[in-house]
Amino acid sequence: MSLTLIFGLYVFFLAAFTGYQVISKVPHLLHTPLMAFTNAISGISLVGSLLAAGGHYGTVSTVLGAVAVLAATINVVGGFLITDRMLRMFKKKGGAR
Amino acid sequence: MTLSLTETFVQLLYLAASILFVLGLKDLGDAQTARRGVLLAEVGMVAAVVGTLLYGVAVSGVIIRWEWIILAIVAGSAVGTGMGLWIPMTKMPERIALSHAFGGLAVGLVGVVEYLEHGGPHMTTLQVTATGLEVALGALTFTGSLMAFGKLQGFITGRPVTYPGQNASNVLMIAGTLGLIGLLVFMPEAAWAFYAVAALGVLLGVLLVLPIGGADMPVVICLLNSYAGLAAAATGFALGNNVLIICGALDGFSGFLLGMMMSKAMNRSFANVLFGAFGAAPEAKAVTAGATPAGPAPNVGSVEEAAEVLRAARSVIVVPGYGMAVSQAQHAVRDLANALQANGCDVRYAIHPVAGRMPGHMNVLLAEANVPYDHLFDLDVINDDFSATDVALVVGANDVVNPAARNNQSSPIYGMPILSADMAKTCLVLKRSLNAGFAGIENELFVRSNTMMVLGDAKKTLTQFTAALKE
């Protein structure tokens, strides 16, 4: 096993544990916004796809990379907008009451 | 190993992004702070993108052209803005399924480019394993989510599709995928094996979702969320990028945890949901049900009769289900609640964890209709109050109020925690028709003596109730 793998596994499991702690405290009320939120941050795959789309590679790689950037950007922009749109609707006391 | 100044800055940006994502998730734990959480994560995402571009230009020098990047970001932002601003809340499960598909596609394609450009005999064991898993999971998430989207939209039948040997062949294909990834470790140059892994992933996504019924979609959507996250984490391992590993782990565990909660709320195991083909082959059951006229007939009431019951009620608990989403009745529910409250009646809402097609589906719809969230109650909080309530108003919910889950050991949903709507003095059930529910399970609630069924479109019926109350 390489040291890189060991370091990676440390990061993975500590993040998973942190995620477990934080996410188990999110109430049922906010589970749909939570899914939209994790969708948005899953767009972090941009970190890989930007390098593929702009890299000194052949046409196939560049086009595949550009499609990946497109899909990830849709998730980031759409995900954050829709999460915020949902959260804006949650009000403690209704207007008419 | 000492990093250059620029690379140090890049790594610090990634670290900041990771911290901001975790803090954002933490803020999402409370409706009061949730919007701040979104803002934090947005800042984190900008930091990660800036860091990546800086790395590509100034550290590795990989990025040499901008036209494709700019084109894809501009187009993606336009589509994302459109989807973010104009998709109706009732379509939220579909939109979430579709975005999992995009996530899977993005990760899968990054994996293919990885292999195309850096693949071959010099790939390390870690890189080739991670890239293989990344492509398999990405492809599976892509087609699986499209299938889920198709089922939710009605392009594909919502009923489970089964055939002989289904589970065995699926297990074989999963084993085959893992076997090929194992082979790649020893022969990283075997491109055919790499593309076979991708193809098997595409196929598995379709075949694994095929036998899962529409009512189990909440669990499937959670699992696909989880797969998308794990695929991103695998990318992180392949590229040696910690922010990807962290985001992937957060995403993967969030989906897994939500899926576990959903399965638990149905008193079923993950395995049962995935391989049980719940609600399959209902034809035989439906025929026997139709052929036996033995059971008591449901008590069907008119709108006027039901409105009388509501007028006299001092307390009402509304039980919303998927039917409310289908007929987009959330605003009509809210109008009726206003009329009832004006009449001096106490109105609350009981939300079952698996009501609807995704976790929290009902909460979002009611929030859209301006129902304050402190009127919404979870199952364990409100269930004991039904017996002291005048009217339980069931709007398009079925299995989550079926008493068979409590007392009929032969029922497929036996043991599932249900909302005790049958305990209320009167149970008003709004339903489109008298047909059996989705899973073909008879609901004995409908034939109870304290139940009154009002047939027809829920939105129309609710509007008529409101009009009657205002007279």
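The following legends describe close-up views of a predicted model. Residues are numbered from 1 along each chain as its sequence is written, and chains are lettered from A in the order in which they are written. Local features need pLDDT of at least 70 and side-chain atom pairs count only at pLDDT 80 or more, whereas totals for chains, interfaces and linings use all residues.

**View 1. The side of chain A that touches chain B.** Here 82 residues of chain A are in contact with 97 residues of chain B (contact: C-beta atoms, placed from the backbone, within 7 Å). Helices α1 (3-23), α2 (31-42), α3 (46-54) and α4 (59-89) of chain A each supply at least two residues of this side (helices: DSSP runs of H or I, at least four residues, numbered from the N terminus). The largest share, 28 residues, comes from α4(A).

**View 2. The largest nonpolar core.** This core has 196 residues, and V69(A), V319(B), V394(B) and V395(B) have the most contacts inside it. Its largest share, 17 residues, comes from helix α8 (residues 217-239) of chain B. A nonpolar core is a set of buried Ala, Val, Leu, Ile, Met, Phe, Trp, Tyr and Cys residues joined through C-beta atoms within 7 Å; a residue is buried if 20 or more other C-beta atoms lie within 10 Å of its own.

**View 3. The surroundings of V69(A).** Leaving aside residues up to four places away in sequence, V69(A) touches L46(A), S49(A), L50(A) and A53(A), together with I69(B), A72(B), I73(B) and G76(B).

**View 4. Residues 6-23 of chain A.** This span is 100% helix and 0% strand, with its end C-alpha atoms 25 Å apart.

Technical notes
A residue is buried if 20 or more other C-beta atoms lie within 10 Å of its own, exposed if 12 or fewer, and partly exposed in between; C-beta atoms are placed from the backbone. Two residues are in contact if their C-beta atoms, placed from the backbone, lie within 7 Å.
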